[in-house]
Every structure is written in structure tokens, then in C-alpha cells.
Amino acid sequence: MDTIISVPFLDDDNVRSLIYSKAEEFRSIGRSSKETLFKELVFCILAANTSASMSLRMQEAIGDGFLYMSRDELRNALKTNKYRFYNVRSDFIVRSRSIIDELPEIVKSSDHEGSRDYLVENVYGVGYKEASHFLRNVGIFDFAILDKHIMKWMSQYYPVKKNSSRKNYLYNEEIFRGLSASLGVEPGILDLFIWYSETGTVIK
């Protein structure tokens, strides 16, 4: 990659401590029960086109309800907690419960690309961004989450493609991976540094 970028905070000891502490938290989630893994997947489904803070609020408000509530109960819970896409996301979550038993093996697999493809193909409401988000949040740092903050940052330096098709997502991801390699930082970790530089915080 011809363009070499100096990422803010990459050499800041305090920020590095914050981010690598968060990375260890993610690894811990990856060693958790299948129910905890599913709730993390739900977090990523809910975060799409909203925000990580909103999704975290739903996760805290509904908790284990994501595992057993009926579609109508979940819809009403999301609506009561002022989540915008309460109809479609409640449907996605209930329909995706069939994958709960598979999640530990998906997370343990050494074929991370295959795991991501499997999630995209088999979980309702999950595309490449959401699948990457889930895998990063369970301690697999092969993937960045190319959300609006990361794309805004990248567009300052690289000719990114803004359409969110699979082809364009993977094109942008290759640019990000090249940058990660040039800096010697895993994509999922570099993502956190850039997210921090854009937002001033690290959620998940």
C-alpha cells in the first residue's frame, strides 16, 4: 500500500491500555456460554443502522429476554425502550435462535473467513459488517467493522466505495487490511483505535 497513515493514539500508552483491555474483554466473551454468545450476536444485529450505545442499552434492558421472549413480547420490549426498528429486528432475533447451539463451534473455528461467511448466510439481519462486528466482539481480530466512523476516516485517505454491497465491502476491507499490515496491528484492534479517534470512546 502506497499511502502510509499515522493513526491517532496508536502510540498513546493510556489509549493503548484502554483498547487492549477492551480486547481482552472481547476474548473473555468468546469463551462464554452459547447463550452469552447469542446475546452478543443480538447486540450486533441491533447495532446495524443505529448505534453501539443504543444497542448496549437494549442489551442491558432486555438481557436474557432475547433468548426466550416471543416475537410480540420482544417487539414490545424494544418499542418500550425506544428502539427504532422494533418490528424487523424482533423478527430477525427470534428467527436466528436456531443458530445458538452452533455458536461455540463457530467462534472456536480456525477458519475465520468461513465463520463469517456462515453467519452471513445463516443468520437473519447479518451481513458482512454485522458478522465482522460479532467476531471482533468475541475476540477474533481479523476483521474491522466498516461502520460510518471508520468509513469517514478511510475516505480522507483512500478511494473507498460507499455502496454497501458485498463486493464493495470486501474491496474496502482489503484497503483496511493493507493499512493494518503496514502498521503491524490486527484489523479489529486498529478499528478500535480509529473508532476512539473519531468518537472519543470505546464501547464495543
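1. In the residue classes used here, Ala, Val, Leu, Ile, Met, Phe, Trp, Tyr, Cys and Pro count as nonpolar, Asp, Glu, Lys and Arg as charged, and the others, Gly among them, as polar. This is a predicted model, in which local features need pLDDT of at least 70 and side-chain atom pairs count only at pLDDT 80 or more, while totals for chains, interfaces and linings use all residues. Residues are numbered from 1 along each chain as its sequence is written, and side-chain values use heavy atoms, with hydrogens and water left out.

2. Overall fold. The protein chain has twelve helices and zero strands (DSSP runs numbered from the N terminus: helices are H or I of at least four residues, strands E of at least two). With a radius of gyration of 17 Å, close to the 17 Å that the globule rule gives for 204 residues, the protein chain is as compact as a globular protein of that length (radius taken over C-alpha atoms; the rule is 2.2 Å times the number of residues to the power 0.38). The C-alpha trace spans about 50 × 30 × 30 Å along its principal axes.

3. Buried residues (under 20% relative accessible area, 1.4 Å probe, protein chains only) account for 48% of the 204 residues.

4. Contacts of Leu103. Beyond its neighbours within four places in sequence, Leu103 is in contact (heavy atoms within 4.5 Å) with Lys34, Leu37, Phe38, Leu41, Leu119 and Phe134.

5. Largest pocket. A pocket is an open set of points on a 1 Å grid over the protein atoms alone, with protein on both sides within 12 Å along at least five of seven lines; lining residues have an atom within 4 Å of a point. The largest one contains about 680 Å³ of space (the volume filled by probe spheres set on the points, which are joined across faces, edges and corners). Among its 35 lining residues, Lys129, Ile145, Leu146, Asp147 and Lys148 lie nearest the centre. Helix α9 gives the largest share of this lining, five residues, and the lining divides into 13 nonpolar, twelve polar and ten charged residues.

6. Second largest pocket. Its volume is about 160 Å³. The lining comprises six nonpolar, five polar and three charged residues, with helix α7 (residues 103–108) giving the most, three residues.

Note on methods:
On a 1 Å grid over the protein atoms alone, a cavity is a set of points where a 1.4 Å probe fits but cannot get out, and a pocket is an open set with protein on both sides within 12 Å along at least five of seven lines; lining residues have an atom within 4 Å of a point. Buried means under 20% relative accessible area, exposed over 50%, partly exposed in between (1.4 Å probe, protein chains only).
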